[in-house]
Amino acid sequence: MKRYIAITLCFILSISLFGCRKINPTDSSFYSTGSNILPTTSSDNTSSDSASLGDDSSSTQTDSSSTNNQSSQTFEEKYGFNRLVDVEYECLKEIPGDDAQYEVKTVTTDTGYAFIYAIFLSCDDKSIIIKDRTVTVPFEYRQKHDSVTLTATHNLAKVSTKFTITFDKWDLVFEENFDGTELNTDIWNVWDEKRDWHYSYSKDAMFLDGNGNLINRMTSKDNPTSPDNPIRTSGAITTQGKYETTYGYFEVSMKPHKATGLMGAFWLMCGDMGDPNAANDGTAVNGCEVDIIETFYHNLNPSQTIHWDGYTHTKSKSFNKTNSPEIFDGNYHTFGFLWTPEEYVFFIDGEVNARTDEMGICNQPGYLLISSHFNDEAGEFSVTQTDMAVDYVRVYKTDALK
């Protein structure tokens, strides 16, 4: 019995010494699995995991490298420039007595790029109106200032440059307000000529009403009593030989005729346009007729026209403001013409109606005319009398246009 007990104890002791393994409590693999069994690994699995880890590591390094590259990318590499250095703008409208408008055309960078996209315009003075790329400067502001400073900012790059728009200063060089009761013949010539039995220009058709208006009266009679009393009469006055000039801004304020069969006009005769031997060279450089306004009631279309190459080989370009009943509402309306060495610009009530240089810019002086004319293409003259009232005629010049 004792021998049996001794053998049993020896067997238990051998199991204790050789059959147990100590678990390292720091074995993360063990604790991460939540198992009391050590994980088994194989070379294949180890290789596969390492490749996977390597891919993740490589991706992380690439992202980090990309971030570092973006951080190290220069401002010029990112946007193509460092600074905005110049702003180019175009004058859309800058006439006496009205708001002015300018349009920003391009912004130039220090690397020579010229663009307009992504540009935001601003001004510290809130009276300046900015819409997209158009800047409107109220007349009142122009009266008090010689210029305005604005800021152009690139929306993405957040860099800015300031630029200044300097205003033209206009001097009134000719003014006729038609005050009093007698037309000033030191300024005006009055047409007084009979064309034929049916038509004449009469000095009696142009007169002052005593209320600051020139009245241009047109009449039609059914039964003329003699060749000295024609069927139709109208009037015309000119400054020929008394006031002639080159370049400037010309404006008339008037109430047009409200009758068909005729047109009322304010116009310029320049250079050799009225000469029978006028140059037929395809340009208006040597002379032209500029109809600053011709009003046609039959189609409600005020027209602004340039004629050139004399009256023998006349070429013409008209700019109509179609379907404009407001012009014939019985109120005063302004019609203007800007003549510079670079272009012609026509205005109606202060708004640009047309601008052109296609026929060439006349460099010869012209004189002013106010007149009315019967026109068979303007419908039937169906009234016995109609008046056009002219409030004023004005000519302005800047120093550059004098």
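Helices and strands here are DSSP runs, numbered from the N terminus. I am working from a predicted model.

**Entry 1. Overall make-up**

I started with the secondary structure. The protein has 5 helices and 27 strands. I then looked up burial. Of the 402 residues, 41% count as buried. The exposed surface comes to about 22200 Å². Carbon and sulfur atoms supply 48% of that area.

Next I checked how far apart in sequence the contacting residues are. I took contacts between residues at least 6 apart in sequence. Of these, 66% join residues at least 24 apart.

**Entry 2. Positive phi values**

I went through the backbone angles. Most residues other than glycine have a negative phi.

Phe-178 has a phi near 55 degrees, a positive value, and is not a glycine. I found Phe-178 in the loop between strand E9 (171-176) and strand E10 (189-190). Is Phe-178 buried or exposed? Phe-178 counts as buried because its relative accessibility is 1%, and the cut-off for buried is under 20%.

Tyr-247 has a phi near 70 degrees, again positive in a residue other than glycine. Tyr-247 sits in the loop between strand E17 (244-245) and strand E18 (248-255). Its relative accessibility is 17%, so Tyr-247 counts as buried.

**Entry 3. Helix H4 and Phe-75**

I turned to a helix. Phe-75 is in helix H4, residues 75-79. With a relative accessible area of 31%, Phe-75 is partly exposed. Which residues does Phe-75 contact, leaving aside its neighbours within four places in sequence? I found Gly-80, Phe-81, Asn-82, Ala-157 and Val-159.

Ala-157 got a second look. Phe-75 and Ala-157 are 82 residues apart in sequence. From C-alpha to C-alpha they are 8.5 Å apart.

**Entry 4. The largest pocket**

I looked for empty space next. Rolling a probe the size of a water molecule over the atoms shows where empty space is left. The largest pocket has a volume of about 350 Å³. Its lining holds 19 residues. The closest to its centre are Cys-91, Glu-94, Asp-168, Leu-338 and Thr-340.

Which elements give two or more residues to the lining of the largest pocket? They are strand E1 (84-93) and strand E24 (344-348). E1 supplies the largest share of the lining, 4 residues. I sorted the lining by residue class. The lining divides into 10 nonpolar, 3 polar and 6 charged residues.

**Entry 5. Strand E25 and Glu-351**

I picked Glu-351 in strand E25, residues 351-356. Glu-351 is partly exposed, with a relative accessible area of 48%; the cut-off for exposed is over 50%. Leaving aside neighbours within four places in sequence, Glu-351 is in contact with Lys-93 and Phe-346. Strand E1 covers 84-93 and strand E24 covers 344-348.

I also looked up Glu-351 against Phe-335. They are 16 residues apart in sequence and 9.3 Å apart in space, C-alpha to C-alpha.

**Entry 6. Cysteines**

A disulfide needs cysteine sulfur atoms within 2.5 Å. By this rule the count is 0.

Cys-270 counts as buried, at 1% relative accessibility. Cys-288 is buried too, with a relative accessible area of 1%.

Conventions. Residues are numbered from 1 along each chain as its sequence is written. This is a predicted model: local features need pLDDT of at least 70, side-chain atom pairs count only at pLDDT 80 or more; totals for chains, interfaces and linings use all residues. Side-chain values use heavy atoms; hydrogens and water are left out. Buried means under 20% relative accessible area, exposed over 50%, partly exposed in between (1.4 Å probe, protein chains only). On a 1 Å grid over the protein atoms alone, a cavity is a set of points where a 1.4 Å probe fits but cannot get out, and a pocket is an open set with protein on both sides within 12 Å along at least five of seven lines; lining residues have an atom within 4 Å of a point. Grid points are joined across faces, edges and corners, and a volume is the space filled by probe spheres set on the points. Ala, Val, Leu, Ile, Met, Phe, Trp, Tyr, Cys and Pro count as nonpolar, Asp, Glu, Lys and Arg as charged, and the others, Gly among them, as polar. Contact means heavy atoms within 4.5 Å. Accessible areas come from the Shrake-Rupley method with a 1.4 Å probe; for residues, only the protein chains shown count as cover.
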